[in-house]
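Please read it alongside the sequence and the model.

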Amino acid sequence: MTSKISRKDYEAALARGREALAQPHAVAARYVANARMLELTYSNGLVFRFDPKEVPALQNLSRHTLAHAYVTPGGDGLAFGEDEAAALSIPGLLARLIPVDIARRTVAAARGRVRTASKADAARRNGAKGGRPAKADLAVA
């Protein structure tokens, strides 16, 4: 038995898809044989290279299998030819390869650079109060 979706649900799904595609996502994968590295290319031009030997799920794959790497249509999966056993999540892969503390610092730095009206208002209010308080002198024991 098939069911139909409403035009409203269809339009909402299309909008979610367009929004997802506007975010950076993987668009291509290739194995660089001379460097023995896998390379992921993102929609914003970012290229991420990594050693497949660093990923347990990829450690035992042959170079031939690695050479058939491709990104799944949603941009969030990495697969190799027709070998479904080697398919994995790109976000999960990156989470495994990038230490959490580095990722947190990078995200915090990026968010700190964002300029918004509310941040500007807060800076003006704090400036009117005399600005950031001076750091207390710490006695060395």
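**Hairpin of β4 and β5**

In the hairpin of β4 and β5, 5 residues lie between the strands, and Gly 75 there takes a positive phi near 80°. The model is predicted: local features need pLDDT of at least 70, side-chain atom pairs count only at pLDDT 80 or more, and totals for chains, interfaces and linings use all residues. Residues are numbered from 1 along each chain as its sequence is written, and side-chain values use heavy atoms, with hydrogens and water left out.

- Strand β4 (residues 69-71) pairs with β5 in the antiparallel sense over 3 bridges; two strands pair if DSSP finds at least two bridges between them.
- Within this pairing, Tyr 70 stands opposite Ala 79 in β5.
- Strand β5 (residues 77-80) is covered on both faces, with Gly 77 and Ala 79 buried on one side and Leu 78 and Phe 80 buried on the other.
- Buried means under 20% relative accessible area, exposed over 50%, and partly exposed in between (1.4 Å probe, protein chains only).
- In a regular strand the side chains alternate between the two faces of the sheet.

**Overall fold**

- The protein has 5 helices and 6 strands, arranged along the sequence as α-β-β-β-α-β-β-β-α-α-α.
- The radius of gyration of the protein is 23 Å, well over the 14 Å that the globule rule gives for 141 residues, so the protein is more spread out than a compact globule.
- That radius is taken over C-alpha atoms, and the globule rule is 2.2 Å times the number of residues to the power 0.38.
- Helices (H or I, at least four residues) and strands (E, at least two) are DSSP runs, numbered from the N terminus.
- The C-alpha trace spans about 65 × 55 × 25 Å along the principal axes of the protein.
- Of the 141 residues, 21% count as buried.
- Among contacts between residues at least 6 apart in sequence, 30% join residues at least 24 apart; contact means heavy atoms within 4.5 Å.

**Sheet of β1, β2 and β3**

- These 3 strands form an open sheet in the order β1-β2-β3, with antiparallel pairing.
- β1 (26-32) and β3 (47-50) stand at the edges with a single partner strand each, so one side of each is left without a neighbour in the sheet.
- Neighbouring strands of this sheet are turned by 20° against each other on average, direction ignored; axes are lines fitted to C-alpha atoms, for helices over the stretch in contact, and angles run from 0 to 180 degrees between N-to-C directions.
- β1 and β2 run antiparallel and are joined by 6 bridges, with Ala 29 having Leu 40 in β2 as its bridge partner.
- β2 (residues 37-42) and β3 also run antiparallel, joined by 4 bridges, and Glu 39 has Arg 49 in β3 as its bridge partner.
- The hairpin of β2 and β3 has 4 residues between the strands, and Gly 45 takes a positive phi near 95° there.

**Loop between β1 and β2**

- The hairpin of β1 and β2 has 4 residues between the strands, and Arg 36 lies in this loop.
- Phi of Arg 36 is near 55°, a positive value in a residue other than glycine.
- Arg 36 is partly exposed, with a relative accessible area of 47%.

- His 25 sits in the loop between α1 (7-22) and β1 and counts as buried at 16% relative accessibility.
- The side chain of His 25 reaches the backbone oxygen of Gln 23 at 2.8 Å.
- Apart from neighbours within four places in sequence, His 25 is in contact with Ala 20, Thr 41, Tyr 42, Ser 43 and Gly 75.

**Loop between β3 and α2**

- Lys 53 is found in the loop between β3 and α2 (63-66) and is partly exposed, with a relative accessible area of 48%.
- Ser 62 lies in the loop between β3 and α2 and is partly exposed, at 36% relative accessible area.
- The side chains of Ser 62 and Thr 65 are joined by a polar contact of 3.0 Å; such a contact is a pair of N or O atoms within 3.5 Å, where within protein one must be able to donate a hydrogen and the other to accept it, and residues adjacent in sequence count only if both atoms are side-chain atoms.
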